[in-house]
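Here is a friendly briefing to read alongside your structure.

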Amino acid sequence: MSTSAMIFAAGLGTRLYPLTANKPKALVDYQGKPLLEHAITKILDAGIKHIVINVHHFGEQIIDYINQHHFNATIEISDEREKLLDTAGGLKFAEPLFKNTDQILLYNVDVISSINLTKLLTSHLSPLIPHSSPLIPHFATLCIRHRKSSRYFIFDESELRLCGWENTQTEEKVICYEVEHPISLAFSGIHLVHKKIFDFIPKNEKLSFTPLYLQLAKHYHIQGYLHDEDTWRDMGKWEDFIN
């Protein structure tokens, strides 16, 4: 099966201000390289040679950066400068760029991690457990870990199959189906999806993956990939770059 990747780089980067006052979040430097380069290198190391990058905030700077640097990959731009569509909406907007792929690795540009993406892909393509949906290997695989957060995905502890979501600050909770041993784990901003997911995302609508996954989890296998042993940082706030 062919695999492509999409880097989400269209965000406004408001939590990173003032670092994003005159540049997009994707081009903020970390350890001498822009976050975007860290993400591209990570994806290339997994053997993925087709990458789509969505742009919005200072999008022309990202386009110029890609044009001025040579990466051993086919890199295409999904231009959301007219309308920011969030993550799931952004993936749907980029659908025409994924005609020749089966699986898509989705990668938040502000994530720095030692996650082994090759192992992640192997897990995603592994056979389903017998009583799960026979339609596709796994509809989606989400990187998750034990860490403090205000929002968690809830999984069946025995199978790491998505069954809900909760916000501990607002006490909002969504249960897709009841399980005997639920466990709450934080999402790491990296996930793999089967191309079939395009059929379930409306066109030209702003939509994040959380409500989409919770709806799909009622009927399809959304699995977790636990990576507690890996290093992981969300470089989403300016304080992360000075500590």
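Helices are DSSP runs of H or I with at least four residues, numbered from the N terminus. Helix H4, residues 117–124, is such a run, and it gives the largest share of the lining of the largest cavity, four residues. Please keep in mind that this is a predicted model.

**The largest cavity**

- The structure has one cavity of 30 Å³ or more.
- The space in the largest cavity comes to about 50 Å³.
- Its lining is made up of Thr3, Ala46, Ile48, Leu105, Leu117, Thr118, Leu120, Leu121 and Leu192.

**The largest pocket**

- The largest pocket holds about 1200 Å³ of space.
- It is lined by 41 residues, and those closest to its centre are Arg15, Thr87, Asn108, Arg151 and Phe187.
- At least two lining residues come from each of helix H3 (86–93), strand E9 (151–156), strand E12 (182–194), helix H5 (209–216) and strand E14 (232–234).
- Strand E12 gives the most to the lining of the largest pocket, with five residues.
- The lining of the largest pocket counts 17 nonpolar, 14 polar and 10 charged residues.

**Helices H1 and H2**

- Two packed helices are described by the angle between their axes and the distance between the axes.
- For helix H1 (residues 35–45) and helix H2 (residues 59–68), the axes come within 12 Å and cross at roughly 50 degrees.
- Angles from 65 to 115 degrees count as roughly perpendicular and those under 35 as roughly parallel, so H1 and H2 are oblique to each other.
- The crossing of H1 past H2 is right-handed.
- H1 brings Leu36, Glu37 and Ile40 to the contact, while H2 brings Ile62, Tyr65 and Ile66.
- Five of the residues in the contact of H1 with H2 are nonpolar, one is charged and none is polar.

**Leucine 207**

- You will find leucine 207 in the loop between E12 and H5.
- Leaving aside residues up to four places away in sequence, leucine 207 touches Leu85, Asp86, Thr87, Ala88, Gly89, Ile201, Pro202 and Leu212.
- Leucine 207 and lysine 92 are 115 residues apart along the chain, and their C-alpha atoms are separated by 9.6 Å.
- Thr87, one of the residues touched by leucine 207, is also among those closest to the centre of the largest pocket.

Conventions. Residues are numbered from 1 along each chain as its sequence is written. This is a predicted model: local features need pLDDT of at least 70, side-chain atom pairs count only at pLDDT 80 or more; totals for chains, interfaces and linings use all residues. Side-chain values use heavy atoms; hydrogens and water are left out. On a 1 Å grid over the protein atoms alone, a cavity is a set of points where a 1.4 Å probe fits but cannot get out, and a pocket is an open set with protein on both sides within 12 Å along at least five of seven lines; lining residues have an atom within 4 Å of a point. Grid points are joined across faces, edges and corners, and a volume is the space filled by probe spheres set on the points. Ala, Val, Leu, Ile, Met, Phe, Trp, Tyr, Cys and Pro count as nonpolar, Asp, Glu, Lys and Arg as charged, and the others, Gly among them, as polar. Axes are lines fitted to C-alpha atoms, for helices over the stretch in contact, and angles run from 0 to 180 degrees between N-to-C directions. Angles under 35 degrees count as roughly parallel, over 145 as roughly antiparallel, 65 to 115 as roughly perpendicular and the rest as oblique. A crossing is left-handed if the near helix is turned anticlockwise from the far one by less than a right angle, and right-handed if clockwise. Contact means heavy atoms within 4.5 Å.
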